[in-house]
Amino acid sequence: MNNHQEVVCIGCGVKVQTDSPKELGYAPKSALEKETIICQRCFKLKHYNEVQDVSLTDDDFLKILNRVGETDSLIVKIVDIFDFNGSWLPGLHRFVGRNDVLLIGNKVDLLPKSVKHNKLINWMKQSSKELGLQPVDVLLVSAEKGKYIAEAAEAIEHYRQGRDVYVVGCTNVGKSTFINRLIKQVSGESDIITTSHFPGTTLDMIEIPLDDGQAIIDTPGIINHHQMAHFVDSRDFKIIMPKKEIKPKVYQLNEEQTLFFGGLARLDYVSGGRRSLTCHLSNELPIHRTKLEKADELYKNHAGELLTPPRPEQMDEFPELVPHEFSLKQPKMDIVFSGLGWVTVNEPGAKLVAHVPKGVNVIVRKSLI
(Lines give C-alpha, C1' and ligand atoms only; values in the text may rest on other atoms or scores of the structure.)
Protein backbone atom coordinates (compact mmCIF):
# COMPACT_ATOMS: atom_id res chain seq x y z
CA MET A 1 0.00 0.00 0.00
CA ASN A 2 1.90 3.02 -1.25
CA ASN A 3 -0.44 5.91 -0.68
CA HIS A 4 -0.42 5.62 3.11
CA GLN A 5 2.27 8.24 3.61
CA GLU A 6 -0.37 10.94 3.16
CA VAL A 7 -2.80 9.59 5.76
CA VAL A 8 -2.83 11.61 8.97
CA CYS A 9 -4.07 10.55 12.39
CA ILE A 10 -7.29 12.33 13.27
CA GLY A 11 -6.24 12.23 16.94
CA CYS A 12 -2.89 14.00 16.87
CA GLY A 13 -2.30 15.13 13.29
CA VAL A 14 0.87 13.11 12.74
CA LYS A 15 1.48 11.24 9.45
CA VAL A 16 0.45 7.60 9.79
CA GLN A 17 3.00 4.88 8.95
CA THR A 18 2.74 1.09 9.22
CA ASP A 19 6.41 0.11 9.27
CA SER A 20 7.96 1.01 12.64
CA PRO A 21 5.96 0.40 15.81
CA LYS A 22 8.47 2.42 17.85
CA GLU A 23 8.29 5.52 15.65
CA LEU A 24 5.74 8.32 15.63
CA GLY A 25 2.52 7.78 13.74
CA TYR A 26 2.58 3.98 13.78
CA ALA A 27 -0.71 2.21 13.12
CA PRO A 28 -1.30 -1.45 12.25
CA LYS A 29 -2.31 -1.99 8.59
CA SER A 30 -5.81 -3.01 9.70
CA ALA A 31 -6.33 0.50 11.13
CA LEU A 32 -6.07 2.00 7.64
CA GLU A 33 -9.32 0.34 6.57
CA LYS A 34 -11.35 2.13 9.23
CA GLU A 35 -13.34 5.24 8.43
CA THR A 36 -11.50 7.40 10.94
CA ILE A 37 -7.81 6.60 11.07
CA ILE A 38 -6.05 6.96 14.38
CA CYS A 39 -2.44 6.12 15.28
CA GLN A 40 -1.66 3.51 17.90
CA ARG A 41 -0.45 6.10 20.38
CA CYS A 42 -3.77 7.98 20.26
CA PHE A 43 -5.66 4.69 20.34
CA LYS A 44 -3.94 3.67 23.55
CA LEU A 45 -4.41 7.12 25.00
CA LYS A 46 -8.08 7.23 24.14
CA HIS A 47 -8.99 3.74 25.25
CA TYR A 48 -6.52 2.93 28.00
CA ASN A 49 -5.25 6.36 29.02
CA GLU A 50 -1.74 5.07 28.35
CA VAL A 51 0.80 7.60 27.25
CA GLN A 52 3.83 7.02 25.05
CA ASP A 53 6.67 9.52 25.04
CA VAL A 54 6.96 11.86 22.14
CA SER A 55 10.18 12.61 20.32
CA LEU A 56 9.50 16.31 19.73
CA THR A 57 12.08 18.74 21.11
CA ASP A 58 11.60 22.30 22.32
CA ASP A 59 13.03 23.43 18.98
CA ASP A 60 10.26 21.58 17.15
CA PHE A 61 7.68 23.50 19.18
CA LEU A 62 9.43 26.81 18.51
CA LYS A 63 9.44 26.11 14.77
CA ILE A 64 5.71 25.48 14.93
CA LEU A 65 5.14 28.77 16.78
CA ASN A 66 7.27 30.57 14.21
CA ARG A 67 5.10 29.19 11.42
CA VAL A 68 2.05 30.63 13.19
CA GLY A 69 3.65 34.07 13.30
CA GLU A 70 4.16 34.06 9.53
CA THR A 71 0.42 33.67 8.83
CA ASP A 72 -2.35 36.27 8.76
CA SER A 73 -4.69 34.84 11.35
CA LEU A 74 -6.34 35.11 14.74
CA ILE A 75 -4.37 33.45 17.53
CA VAL A 76 -6.35 32.01 20.40
CA LYS A 77 -4.15 31.48 23.42
CA ILE A 78 -5.47 29.15 26.13
CA VAL A 79 -4.14 29.45 29.69
CA ASP A 80 -5.02 27.57 32.86
CA ILE A 81 -6.34 30.07 35.40
CA PHE A 82 -4.84 27.98 38.20
CA ASP A 83 -1.46 28.12 36.62
CA PHE A 84 -1.55 31.44 34.80
CA ASN A 85 2.21 31.98 34.92
CA GLY A 86 3.18 28.34 34.51
CA SER A 87 0.90 28.00 31.49
CA TRP A 88 1.96 31.29 29.90
CA LEU A 89 3.93 30.86 26.68
CA PRO A 90 6.99 33.00 27.27
CA GLY A 91 7.95 34.94 24.18
CA LEU A 92 4.62 34.36 22.40
CA HIS A 93 4.45 38.11 21.69
CA ARG A 94 7.63 37.69 19.64
CA PHE A 95 6.04 34.93 17.56
CA VAL A 96 2.59 36.32 16.87
CA GLY A 97 3.76 38.87 14.35
CA ARG A 98 0.96 41.39 13.80
CA ASN A 99 -1.77 38.88 14.53
CA ASP A 100 -4.47 39.56 17.11
CA VAL A 101 -4.44 37.36 20.19
CA LEU A 102 -7.63 36.35 21.97
CA LEU A 103 -6.79 35.14 25.50
CA ILE A 104 -8.98 32.44 27.02
CA GLY A 105 -8.68 31.35 30.65
CA ASN A 106 -9.81 27.73 31.04
CA LYS A 107 -11.03 25.76 34.10
CA VAL A 108 -13.29 28.50 35.47
CA ASP A 109 -15.53 25.77 36.97
CA LEU A 110 -12.83 25.02 39.56
CA LEU A 111 -12.87 28.49 41.11
CA PRO A 112 -14.59 28.97 44.44
CA LYS A 113 -17.99 30.65 43.93
CA SER A 114 -16.71 33.75 45.72
CA VAL A 115 -14.32 34.65 42.89
CA LYS A 116 -15.76 37.43 40.75
CA HIS A 117 -15.20 36.77 37.05
CA ASN A 118 -14.70 40.45 36.19
CA LYS A 119 -11.98 40.75 38.79
CA LEU A 120 -10.19 37.72 37.35
CA ILE A 121 -10.48 39.04 33.79
CA ASN A 122 -9.03 42.40 34.84
CA TRP A 123 -6.18 40.66 36.60
CA MET A 124 -5.51 38.56 33.46
CA LYS A 125 -5.47 41.71 31.30
CA GLN A 126 -3.07 43.43 33.67
CA SER A 127 -0.78 40.37 33.93
CA SER A 128 -0.73 39.88 30.15
CA LYS A 129 0.34 43.48 29.71
CA GLU A 130 3.16 43.00 32.23
CA LEU A 131 4.22 39.88 30.32
CA GLY A 132 4.35 41.85 27.06
CA LEU A 133 1.09 40.82 25.38
CA GLN A 134 -1.99 42.97 24.69
CA PRO A 135 -4.84 40.59 23.87
CA VAL A 136 -7.81 41.92 21.85
CA ASP A 137 -10.09 40.37 24.47
CA VAL A 138 -10.03 38.06 27.51
CA LEU A 139 -12.64 35.36 28.12
CA LEU A 140 -13.21 32.62 30.70
CA VAL A 141 -14.47 29.12 29.86
CA SER A 142 -14.75 25.65 31.29
CA ALA A 143 -13.86 23.24 28.49
CA GLU A 144 -14.43 20.28 30.80
CA LYS A 145 -18.00 21.34 31.62
CA GLY A 146 -18.71 23.04 28.30
CA LYS A 147 -19.44 26.39 29.97
CA TYR A 148 -19.21 29.66 27.99
CA ILE A 149 -18.16 27.78 24.84
CA ALA A 150 -20.89 29.47 22.79
CA GLU A 151 -19.57 32.88 23.89
CA ALA A 152 -16.03 31.83 22.98
CA ALA A 153 -17.19 30.63 19.53
CA GLU A 154 -18.91 33.99 18.94
CA ALA A 155 -15.84 35.94 20.00
CA ILE A 156 -13.59 33.84 17.73
CA GLU A 157 -15.98 34.41 14.80
CA HIS A 158 -16.04 38.15 15.56
CA TYR A 159 -12.26 38.63 15.88
CA ARG A 160 -11.09 36.30 13.13
CA GLN A 161 -12.67 38.48 10.41
CA GLY A 162 -12.62 35.69 7.85
CA ARG A 163 -9.10 34.51 8.76
CA ASP A 164 -7.75 31.16 9.94
CA VAL A 165 -7.62 30.58 13.69
CA TYR A 166 -4.58 29.06 15.42
CA VAL A 167 -5.13 27.72 18.93
CA VAL A 168 -1.97 27.69 21.05
CA GLY A 169 -1.23 26.77 24.64
CA CYS A 170 1.02 24.88 27.01
CA THR A 171 0.51 21.23 27.80
CA ASN A 172 -2.20 20.51 30.38
CA VAL A 173 -4.24 23.67 29.87
CA GLY A 174 -7.20 21.79 28.35
CA LYS A 175 -6.60 23.04 24.81
CA SER A 176 -7.77 19.91 22.98
CA THR A 177 -10.85 19.61 25.21
CA PHE A 178 -11.62 23.23 24.36
CA ILE A 179 -11.24 22.57 20.62
CA ASN A 180 -13.44 19.48 20.83
CA ARG A 181 -16.12 21.61 22.50
CA LEU A 182 -15.67 24.29 19.87
CA ILE A 183 -16.05 21.82 16.99
CA LYS A 184 -19.18 20.46 18.62
CA GLN A 185 -20.49 24.01 18.99
CA VAL A 186 -19.69 24.87 15.37
CA SER A 187 -20.43 21.58 13.59
CA GLY A 188 -22.18 19.21 16.00
CA GLU A 189 -19.40 16.58 15.73
CA SER A 190 -17.88 15.35 18.97
CA ASP A 191 -14.48 14.17 20.23
CA ILE A 192 -12.40 14.64 17.14
CA ILE A 193 -9.12 15.29 18.89
CA THR A 194 -7.40 13.06 21.38
CA THR A 195 -7.59 14.55 24.86
CA SER A 196 -5.75 13.29 27.88
CA HIS A 197 -4.19 14.34 31.16
CA PHE A 198 -0.72 13.96 29.74
CA PRO A 199 1.55 16.66 28.41
CA GLY A 200 2.19 16.74 24.69
CA THR A 201 -0.64 14.76 23.10
CA THR A 202 -1.13 16.80 19.92
CA LEU A 203 1.95 16.29 17.80
CA ASP A 204 1.49 18.34 14.71
CA MET A 205 -1.02 20.86 13.47
CA ILE A 206 -4.58 19.58 13.07
CA GLU A 207 -6.87 21.51 10.75
CA ILE A 208 -10.59 21.72 11.39
CA PRO A 209 -12.30 23.24 8.33
CA LEU A 210 -14.76 26.14 8.76
CA ASP A 211 -17.67 26.98 6.46
CA ASP A 212 -15.93 29.83 4.68
CA GLY A 213 -12.95 27.77 3.53
CA GLN A 214 -10.78 28.88 6.47
CA ALA A 215 -9.81 26.55 9.33
CA ILE A 216 -9.24 26.28 13.05
CA ILE A 217 -5.75 24.89 13.53
CA ASP A 218 -4.85 23.06 16.71
CA THR A 219 -1.12 23.28 17.47
CA PRO A 220 0.87 20.94 19.73
CA GLY A 221 0.84 21.70 23.45
CA ILE A 222 4.09 23.44 24.23
CA ILE A 223 6.05 22.10 27.15
CA ASN A 224 6.84 24.88 29.60
CA HIS A 225 9.52 23.51 31.90
CA HIS A 226 8.42 25.81 34.71
CA GLN A 227 5.13 23.96 35.17
CA MET A 228 4.71 22.26 38.53
CA ALA A 229 3.16 19.32 36.64
CA HIS A 230 6.62 18.38 35.36
CA PHE A 231 7.75 17.61 38.89
CA VAL A 232 5.07 15.05 39.70
CA ASP A 233 4.61 11.50 38.51
CA SER A 234 1.84 11.22 35.90
CA ARG A 235 -0.13 9.11 38.41
CA ASP A 236 -0.17 12.13 40.74
CA PHE A 237 -1.45 14.68 38.20
CA LYS A 238 -4.93 14.18 39.57
CA ILE A 239 -3.74 15.18 43.06
CA ILE A 240 -2.42 18.60 42.04
CA MET A 241 -4.81 19.36 39.19
CA PRO A 242 -8.22 20.00 40.68
CA LYS A 243 -11.19 18.31 39.00
CA LYS A 244 -13.89 19.81 41.23
CA GLU A 245 -14.57 23.25 42.63
CA ILE A 246 -11.87 24.13 45.13
CA LYS A 247 -12.96 24.21 48.77
CA PRO A 248 -10.96 26.86 50.62
CA LYS A 249 -9.20 25.58 53.78
CA VAL A 250 -8.55 28.02 56.62
CA TYR A 251 -5.56 27.61 58.97
CA GLN A 252 -5.11 29.60 62.18
CA LEU A 253 -1.36 30.11 62.43
CA ASN A 254 0.92 31.43 65.12
CA GLU A 255 4.19 33.07 64.16
CA GLU A 256 6.92 30.61 63.11
CA GLN A 257 4.63 27.91 61.78
CA THR A 258 4.94 26.20 58.41
CA LEU A 259 2.46 24.62 56.00
CA PHE A 260 3.69 21.93 53.60
CA PHE A 261 1.65 21.32 50.42
CA GLY A 262 2.53 17.67 49.90
CA GLY A 263 6.29 17.76 49.40
CA LEU A 264 5.97 20.11 46.42
CA ALA A 265 5.96 23.46 48.20
CA ARG A 266 5.91 25.04 51.62
CA LEU A 267 4.87 28.31 53.21
CA ASP A 268 6.58 29.64 56.34
CA TYR A 269 4.59 32.16 58.33
CA VAL A 270 7.40 34.12 59.98
CA SER A 271 5.80 37.06 61.76
CA GLY A 272 2.68 39.22 62.02
CA GLY A 273 0.87 37.91 65.09
CA ARG A 274 -1.68 35.10 65.20
CA ARG A 275 -3.73 35.11 62.00
CA SER A 276 -5.68 32.94 59.59
CA LEU A 277 -4.47 31.98 56.12
CA THR A 278 -6.89 30.62 53.50
CA CYS A 279 -5.52 27.95 51.15
CA HIS A 280 -7.07 27.57 47.70
CA LEU A 281 -5.51 24.36 46.40
CA SER A 282 -6.73 21.08 44.93
CA ASN A 283 -8.94 19.31 47.49
CA GLU A 284 -6.77 16.19 47.06
CA LEU A 285 -3.45 17.80 47.94
CA PRO A 286 -2.47 16.99 51.55
CA ILE A 287 -1.50 19.99 53.73
CA HIS A 288 0.76 19.36 56.72
CA ARG A 289 1.36 21.91 59.49
CA THR A 290 4.51 22.00 61.60
CA LYS A 291 6.74 24.38 63.59
CA LEU A 292 9.11 26.44 61.45
CA GLU A 293 12.14 25.26 63.46
CA LYS A 294 11.31 21.63 62.59
CA ALA A 295 10.40 22.22 58.94
CA ASP A 296 13.81 21.63 57.30
CA GLU A 297 14.36 18.42 59.18
CA LEU A 298 10.84 17.18 58.49
CA TYR A 299 11.37 17.79 54.79
CA LYS A 300 14.76 16.11 54.78
CA ASN A 301 13.44 12.99 56.51
CA HIS A 302 9.93 12.71 55.14
CA ALA A 303 9.66 14.25 51.65
CA GLY A 304 8.29 11.51 49.39
CA GLU A 305 6.77 9.64 52.37
CA LEU A 306 4.69 11.69 54.81
CA LEU A 307 4.98 14.66 52.42
CA THR A 308 3.75 13.46 49.00
CA PRO A 309 3.65 13.97 46.07
CA PRO A 310 6.50 13.58 44.97
CA ARG A 311 6.92 9.83 45.35
CA PRO A 312 9.88 8.25 47.22
CA GLU A 313 11.54 7.08 43.99
CA GLN A 314 11.46 10.63 42.61
CA MET A 315 13.35 12.21 45.50
CA ASP A 316 16.83 11.70 44.02
CA GLU A 317 15.92 13.85 41.04
CA PHE A 318 13.48 16.23 42.70
CA PRO A 319 14.80 19.83 42.54
CA GLU A 320 15.57 21.63 45.79
CA LEU A 321 12.93 23.97 47.16
CA VAL A 322 13.98 27.60 46.74
CA PRO A 323 12.78 30.28 49.22
CA HIS A 324 11.02 33.49 48.14
CA GLU A 325 10.44 36.10 50.87
CA PHE A 326 7.40 38.35 51.04
CA SER A 327 6.46 41.18 53.39
CA LEU A 328 2.84 42.00 52.72
CA LYS A 329 2.13 45.67 53.42
CA GLN A 330 -1.37 45.72 51.92
CA PRO A 331 -4.53 43.93 53.00
CA LYS A 332 -6.08 41.06 51.03
CA MET A 333 -3.17 39.60 49.07
CA ASP A 334 -2.75 36.20 47.41
CA ILE A 335 0.53 34.29 47.35
CA VAL A 336 0.26 32.25 44.15
CA PHE A 337 2.11 28.94 43.86
CA SER A 338 2.26 28.38 40.12
CA GLY A 339 0.47 25.14 39.25
CA LEU A 340 -0.90 24.48 42.74
CA GLY A 341 -3.18 27.40 43.66
CA TRP A 342 -2.87 30.26 46.11
CA VAL A 343 -2.97 31.28 49.76
CA THR A 344 -4.90 34.40 50.76
CA VAL A 345 -3.56 36.66 53.50
CA ASN A 346 -6.25 39.12 54.65
CA GLU A 347 -4.58 41.49 57.11
CA PRO A 348 -1.46 43.47 56.19
CA GLY A 349 1.82 43.14 58.08
CA ALA A 350 2.62 39.48 57.46
CA LYS A 351 6.11 38.27 56.72
CA LEU A 352 6.18 34.93 54.86
CA VAL A 353 8.60 32.74 52.95
CA ALA A 354 7.27 30.56 50.10
CA HIS A 355 9.41 27.61 48.98
CA VAL A 356 8.94 26.04 45.52
CA PRO A 357 11.00 23.77 43.25
CA LYS A 358 13.78 25.65 41.46
CA GLY A 359 12.31 27.18 38.29
CA VAL A 360 8.69 27.31 39.46
CA ASN A 361 7.11 30.74 39.95
CA VAL A 362 5.67 32.32 43.10
CA ILE A 363 3.95 35.67 42.72
CA VAL A 364 1.90 38.00 44.87
CA ARG A 365 -1.29 39.65 43.61
CA LYS A 366 -4.29 41.54 44.97
CA SER A 367 -6.70 38.91 46.26
CA LEU A 368 -9.22 37.67 43.68
CA ILE A 369 -11.79 37.11 46.40
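Buried means under 20% relative accessible area. In this predicted model, five of the six residues of β4 are buried, so the strand is largely enclosed by the rest of the structure.

β4 pairs with two strands named here. With β1 the pairing is parallel and runs over six bridges; S73 has D164 of β4 as its bridge partner. With β6 the pairing is also in the parallel sense, over three bridges. Here V167 stands opposite D218 in β6.

## Helix α6

Helix α6 covers residues 175-187. At 1.5 Å a residue, its 13 residues should span 18 Å, and the end C-alpha atoms are 18 Å apart, which agrees.

The buried residues of α6 are K175, S176, F178, I179, N180, L182 and I183. Their cover includes the strands β1 (73-80), β2 (100-106), β4 (164-169), β5 (206-209) and β6 (215-218), as well as helix α5.

## Packing of α5 on α6

Helix α5 (residues 149-160) packs with α6 at an angle of about 80 degrees, and the two axes are 10 Å apart. Angles of 65 to 115 degrees count as roughly perpendicular, which is why α5 is described as roughly perpendicular to α6.

On the α5 side, I149, A150, A152, A153 and I156 make the contact. On the α6 side, the contact residues are F178, R181, L182 and Q185. By class, the contact has seven nonpolar residues, one polar and one charged. Two of the α6 contact residues, F178 and L182, are also listed as buried.

## The five-stranded open sheet

A sheet of five strands is open, with the order β11-β8-β9-β15-β12 and antiparallel pairing. The edge positions belong to β11 (287-291) and β12 (321-328); each has a single partner strand, so one side of each is left without a neighbour in the sheet. From one strand to the next, the twist averages 20 degrees.

The partner of β11 in this order is β8. Strand β8 (residues 257-261) runs antiparallel to β11 and is joined to β11 by five bridges.

How values were computed: Residues numbered from 1 in each chain as written. Predicted model: local features only at pLDDT ≥ 70, side-chain atom pairs only at ≥ 80, totals over all residues. Heavy atoms only, no water. Axes fitted to C-alpha atoms, helices over the stretch in contact; angles between N-to-C directions. Helix = DSSP H or I, 4+ residues; strand = E, 2+ residues; numbered from the N terminus. Parallel < 35°, antiparallel > 145°, perpendicular 65-115°, else oblique. Contact = heavy atoms within 4.5 Å. Nonpolar A, V, L, I, M, F, W, Y, C, P; charged D, E, K, R; others polar. Pairing = 2+ DSSP bridges. Expected span 1.5 Å × (residues − 1). Buried < 20%, exposed > 50% of the residue type's maximum accessible area, 1.4 Å probe, protein only.
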